[in-house]
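The sequence and structure are shown first.

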Amino acid sequence: MPGVDHCLQEAMAIPGAVGASIVDYTTGFPVATTGAAPNSDHEAAATGTADVVQAANSRSLYVSALPHDLLEDLIITTAGGYHLLRMVRTDFDSRLVLYVWLDRAQGNLAVARRRMQKLADELVAY
Amino acid sequence: MGLTVTASKTVPPGRLLTQVAGERQTGVLVVGGHPGGAVYVLEGRVIYAESPAAPGVGELLTASGRLAGRTWQNALDLGTSTARVGRLLVEQGHLTQGELELCVLGAIYDAAYFVLSSAAAPVEFLTGATHWLGPVVHVDPAAINREVGRRVGLLDEIFPDRRIDTAAVAPVTRPPRERVTLTSLQWELLVHADGQRTPADLALLLGRAGYATIQELRRMAAMGLLELPEARSETPEFVRLPRARGTAVDVERPVVRPQETPAVPVVAGARASVPAPDPPPDPPRHPLAEESGANQLVYRPPRLARRKPGAKLPKEVAGEPPPVHQGTDEVLLKRIRTALRALR
């Protein structure tokens, strides 16, 4: 039965993945974590993740430019890595995002994005 | 296993949680005061937390429409005695394991904020008690204590006024700015705030996390969109009256004073029997006893102050202070309400 831990294990199986977490983006709290985090600090990384999601969701005009135009994912690329954030939409009230950190040399952005989409969907639906 | 109850003492609830977690105990930490609540511990790990100010797993799942009230109630009926309500919902295919875990995790951290954030409250630990949901997740108590502290700080960064968290929510009728941008949760809260509902009422009504509700309310207070609790009552309120919204609705009846109104012969007789300005209630009169004829005595119902729906009784009338563990009563009431919903 795929639970939260299973979801994170699967995320770590994405080529190039070095760390993964599920973050509550209203409070910047890491609900579940695995693997490495930037600066070896999952809690600090979660706070930063929350800031980025909040900025895209409520402080920029990209989201909700049209009705039902919801945020799907955020991709940040750096010289050394990819940081992918995928919104986890539950029917009940929650504000969660799946975060995966990929090594740039080994990671494939398109593959990782597809896999994360599938993981986030499977976590909350059949 | 017999239940052992530690004597209720007034301590920081978080400290007692750390203590029982260190001893790898199993039981429930019951925290009194307002809002109070309970934290369930299994061998030193937190498996559930609940507070009247935070919607529980049942409220979150049914208020959102994720589960029908009947489905939830069936799981409660079947699984409560054996403490496996959560597992049943997954086994019967109503929820995925992921949904259940995320929902329980969210509910734990949400309730924990309300249960553990008070500096001192009457706390007792009931050894051996377990929760009907069953162990779905196991959370490190230290992580919970740390997160509660962080959440307290986050709120004060937004708008440092704790009264916002408990007072009835009253939006200002005219915003102090030309343009207002709201998040969707803020919109929901504004639409449902009627001047009577507290943040906890709104969270339960909308099936939204209690902390997220308070967070958005503090943001709206910072934008000047909410009336601050102190500005609301000029005089001590014995009865909480509904507040007028906008200029179209006026809940205050104009006080009729005989000397201010022109004397109309037909009703003057009736007026004279009602001394101004503060009339004691008329003795009850049967409508049939009403006189008719030359003096045209019109029957008037006794002018008793009517208790508005949701209003609190005056302190003298209410008498007894609320019991110390009101939290557990409210938890019981919430369960009864969930059961009633299932019957609809």
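Helices (H or I, at least four residues) and strands (E, at least two) are DSSP runs, numbered from the N terminus. This is a predicted model, in which local features need pLDDT of at least 70, side-chain atom pairs count only at pLDDT 80 or more, and totals for chains, interfaces and linings use all residues. Residues are numbered from 1 along each chain as its sequence is written, while chains are lettered from A and ligands numbered from 1 in the order in which they are written.

**Chain A**

Chain A contains 3 helices and 5 strands, arranged along the sequence as α-β-β-α-β-β-β-α. The C-alpha atoms of chain A occupy a box of roughly 35 × 35 × 25 Å along the principal axes. The radius of gyration is taken over C-alpha atoms, and the globule rule is 2.2 Å times the number of residues to the power 0.38. For the 126 residues of chain A, a compact globule would have a value near 14 Å, and the 14 Å of chain A agrees with this.

Of these 126 residues, 42% are buried (20 or more other C-beta atoms within 10 Å of the residue's own, C-beta atoms being placed from the backbone). Two residues are in contact if their C-beta atoms, placed from the backbone, lie within 7 Å. Among contacts in chain A between residues at least 6 apart in sequence, 49% join residues at least 24 apart.

**Domains of chain B**

An automatic or database domain assignment supplies the domain bounds. In chain B, domain 1 covers 4–157 + 329–343 and domain 2 covers 162–232. Their C-alpha centres are 25 Å apart. Domain 1 of chain B brings 15 residues to the contact and domain 2 of chain B brings 11 residues. On the domain 1 side, helix 2 (57–63), helix 5 (97–116) and helix 6 (141–158) of chain B each supply at least two residues; the largest share, 4 residues, belongs to helix 5 of chain B.

**Contact between chains B and A**

Between the chains, 25 residues of chain B are in contact with 21 residues of chain A. Helix 2, helix 5, helix 6 and helix 9 (210–222) of chain B each give at least two residues to the chain B side, and helix 5 of chain B provides the largest share, 9 residues.

Note on methods: A residue is buried if 20 or more other C-beta atoms lie within 10 Å of its own, exposed if 12 or fewer, and partly exposed in between; C-beta atoms are placed from the backbone.
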